[in-house]
Amino acid sequence: MSRRSSTLRFSRRDLLKGLGAGTVILAPFVNHRASMAQAAPAGNLIIFFTPNGHKRSLTENNVTSVCFDATTSSGGTGTDMTLGKSLTPLAPLQSDVAVIKGLNLKSPTFIASHQDICRILTCQGMGGTETDKGQFTGYGPSIDQSVGMAFNQRPVVVAVDPYRDAPQWRTFLSWRSSGVNEPFTKDFSGTFTDLFGGLTGQAQTSDQMAALARARARNQSILDFVKGDISTFRSRINSNDRAHLDTYLDSLASIQQKVTQTTTIPGTCDASPLNTRITSVPPSNHVQPDDKSPDGLVDQMNTRGQLWMDMIATAFACGTRRVATIQWQGASEGYDVGANTGSPSHHSVSHYSFGAASGDRWVAIDTWYATQFAYQMNALKKLGVLDTTIIAWVSEITEGHNQSNMVTVVGGGKGLGMKLGQYIKYPFVGNEVEGANAIPNQQNPMNASLSDLWVTCQNALGISSKTFGDPKFCKGGLPELRAG
C-alpha cells in the first residue's frame with residue numbers, strides 16, 4: 001500500500017464537519033496525518049541543557065574512574081563503548097547514544113566562563129571587540145531557532161526549575177536573532193493548549209471553548225467529554241489512521257493527567273472559570289531574585305521536568321511541533337539534585353567548595369540528569385519518534401571552567417543517519433586552562449569545533465548548509481557522527 005493511500009481519505013473539512021468541542025482536540029491530528037501524504041522534511045531536535053559542566057573522571061584513593069565520559073578498548077573512537085559511571089542510566093539505550101569528547105566552542109565570550117550559556121547554541125561571537133555587555137549576549141540565531149525557522153515553526157523553549165520566574169543572563173540560552181533572547185516558559189497549561197488545542201490551524205469557537213471549560217469545571221476529562229465526537233471521527237478514517245489516533249489520544253490523556261496534577265500551575269480553557277482558581281493560588285514561595293533557592297525541591301524538579309519531556313515527545317509524535325529546548329536550570333547557579341539542596345550548591349560543587357565530597361556530589365548530580373535524559377529518550381521511543389529525533393545534551397562550561405575538550409551526549413536520530421552506539425574522541429591540542437586563557441587553545445584549527453556538531457544536526461534534519469555560527473570555525477560537520 002502506498003504511503004498516500006494509508007493516510008486520511010477525506011478532506012480536512014469533511015473529517016471535522018459537524019463536530020463540536022472535539023474539533024479542538026482532533027484538528028492537530030488531522031493536520032499531522034494529512035501532512036504524512038506530503039514529502040515533508042523528516043526529523044525533530046531537542047536541546048537538553050544542564051548547567052555547570054560535568055565531572056569527567058574522579059580519583060579516589062589513587063584510583064581514577066571514568067564518570068561523565070566513556071572508554072573503548074583502543075582508548076579512542078570505537079563502537080565497543082563502555083559508559084562512565086555518571087552515564088550508566090543510559091546503558092539500556094546505549095545503541096541509540098553517541099558520546100563525543102573533544103569539541104570546543106570557538107566563539108566564546110571574552111572571559112570564556114558561565115556567561116557562555118549565551119554562545120553555546122549560537123557559536124557566533126560579537127562583531128569587533130568584545131565588551132562587558134557582550135558577555136551576556138548571543139549573536140545570530142541559536143541552533144534550535146535556526147532549525148525552527150527552516151521548518152517555519154517557533155521552538156518550544158521551557159525551563160524546569162520551580163523557582164526562577166524571570167529570564168536573566170543565567171538563562172539566556174535560546175536566541176531568535178542577534179541580541180534577541182527567546183524567553184523560556186513554565187506555563188504547562190498554556191503550552192498544552194498551544195500544542196494540542198487546535199491553535200495551529202483550527203479556530204476555536206466560543207461555544208467549543210465554553211464546552212471544554214464546563215468539562216474542566218466539573219473536573220471531567222476533556223477526552224471523555226468529547227468522546228462522541230471522537231467516535232464520529234473514528235468512523236471516518238481507515239484502520240491505519242485509527243491506530244495512530246489511539247496513540248495520539250493515549251498521549252493526550254497522559255499529559256492532561258499530569259497537567260491537572262501540577263497544582264502550582266493553573267489550567268486554562270477560558271478566563272471566566274479560571275479567575276477564582278488563579279486568584280486563590282497563594283504567592284509563590286520560590287521566587288529567586290539571585291542565585292539562591294531553598295532546599296527540598298528535587299521532587300518538583302523531577303515532576304516538572306518529566307511533564308515537559310512527555311509534552312515535547314507527544315508534540316513530536318503528533319506533528320504539532322518539531323523543535324524544543326529544555327533548560328533544567330540557569331548557568332552559574334544550580335540546584336544540587338543529588339543532595340536535594342538549594343542553588344548555588346551545584347555551582348559550588350563545580351568549584352570544589354565542599355572539599356573532597358565535591359567529586360562524589362558532582363557525579364550524583366550528573367547521574368540524576370542522565371536518568372532524565374534516559375527518560376526523554378524512552379518517552380520518544382514509546383511514541384515511535386526516537387529514530388527521527390536528535391537530542392543533544394550540552395552545558396555552558398566544562399569541568400575546567402572553559403569550553404575546551406567538552407564531553408557531549410547525543411541520543412536518537414538513527415533514522416536520520418546518525419551513527420550511534422559509539423564513543424567519538426577528537427584529539428585535543430593544548431592545555432585545558434581556566435577562563436580567557438583557554439580561548440587560543442579552543443580556536444586552534446587542529447581542535448574540533450562545536451559548530452560542526454550543529455552542522456551535523458541541521459544536515460540530518462534536511463538543512464543543507466555546511467556552516468553554522470561563525471563559518472571560519474566550521475569544517476562541514478562531523479563525519480564520524482553522520483556521513484554526508
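Predicted model: local features only at pLDDT ≥ 70, side-chain atom pairs only at ≥ 80, totals over all residues.

Q: Now ring on ring. How many aromatic pairs does the count come to?
A: The count comes to 11 aromatic pairs. One of them is Phe-48 with Trp-328: the ring centres are 5.9 Å apart and the planes are at 55°, so that pair is tilted.

Q: Where do Phe-48 and Trp-328 sit in the chain?
A: In distant parts of it, 280 residues apart. Phe-48 is in strand 1 (residues 44-49), while Trp-328 is in the loop between strand 10 (323-327) and helix 11 (345-350).

Q: Phe-48, buried or exposed?
A: Buried, since its relative accessible area is 0%, under the 20% cut-off. Trp-328 is buried too, with a relative accessible area of 0%.

Q: And what about Tyr-352 and Trp-362, what kind of pair are they?
A: Edge-to-face, because their planes are at 70°, with the ring centres 5.9 Å apart. Tyr-352 lies in the loop between helix 11 and helix 12 (357-382) and Trp-362 lies in helix 12, so this pair ties together parts that are 10 residues apart in sequence. Tyr-352 is partly exposed, with a relative accessible area of 37%, whereas Trp-362 is buried at 0%.

Q: Which residues form the aromatic cluster?
A: Phe-48 and Trp-328 again, along with Phe-68, Trp-368, Tyr-369, Phe-373 and Trp-393.

Q: Switching to charges. How many salt bridges does the count come to?
A: The count comes to 12 salt bridges. In one of them, the side chains of Asp-69 and Lys-101 meet at 3.3 Å, N to O. That bridge links distant parts of the chain, 32 residues apart: Asp-69 is in the loop between strand 3 (63-66) and strand 4 (70-71), and Lys-101 is in strand 6 (residues 97-104).

Q: How accessible are Asp-69 and Lys-101?
A: Asp-69 counts as buried at 7% relative accessibility. Lys-101 is buried as well, with a relative accessible area of 15%.

Q: What does Arg-154 form a salt bridge with?
A: With Glu-182, the closest N and O atoms being 3.3 Å apart. Those two are 28 residues apart, with Arg-154 in the loop between helix 3 (143-150) and strand 7 (156-159), and Glu-182 in the loop between strand 9 (180-181) and helix 4 (188-196). Arg-154 counts as partly exposed at 43% relative accessibility, but Glu-182 counts as buried at 8%.

Q: And how far apart are the closest N and O atoms of Asp-470 and Lys-472?
A: They're 2.6 Å apart, in a salt bridge. Asp-470 is buried, with a relative accessible area of 12%, and Lys-472 is exposed at 60%.

Q: Which residues do salt bridges that share partners join into one network?
A: Lys-55, Arg-56, Glu-399 and Glu-432.

Q: Let's do the nonpolar side. Which members of the largest nonpolar core touch the most other members?
A: Leu-87, Val-99, Ile-326, Trp-328 and Trp-393, out of 53 residues in that core. Helix 10 (residues 298-318) gives the most to it, with 11 residues.

Q: What does Ile-326 touch?
A: Leaving out residues up to four places away in sequence, its contacts include Ile-46, Ile-47, Phe-48, Phe-49, Val-158 and Val-160, plus Trp-308, Met-309 and Ile-312.

Technical notes. Residues numbered from 1 in each chain as written. Heavy atoms only, no water. Phe/Tyr/Trp six-rings, centres within 6.5 Å; stacked < 30°, edge-to-face > 60°. Helix = DSSP H or I, 4+ residues; strand = E, 2+ residues; numbered from the N terminus. Buried < 20%, exposed > 50% of the residue type's maximum accessible area, 1.4 Å probe, protein only. Salt bridge = Lys/Arg side-chain N within 4 Å of Asp/Glu carboxyl O. Core = buried A, V, L, I, M, F, W, Y, C linked by side-chain atoms within 4.5 Å. Contact = heavy atoms within 4.5 Å.
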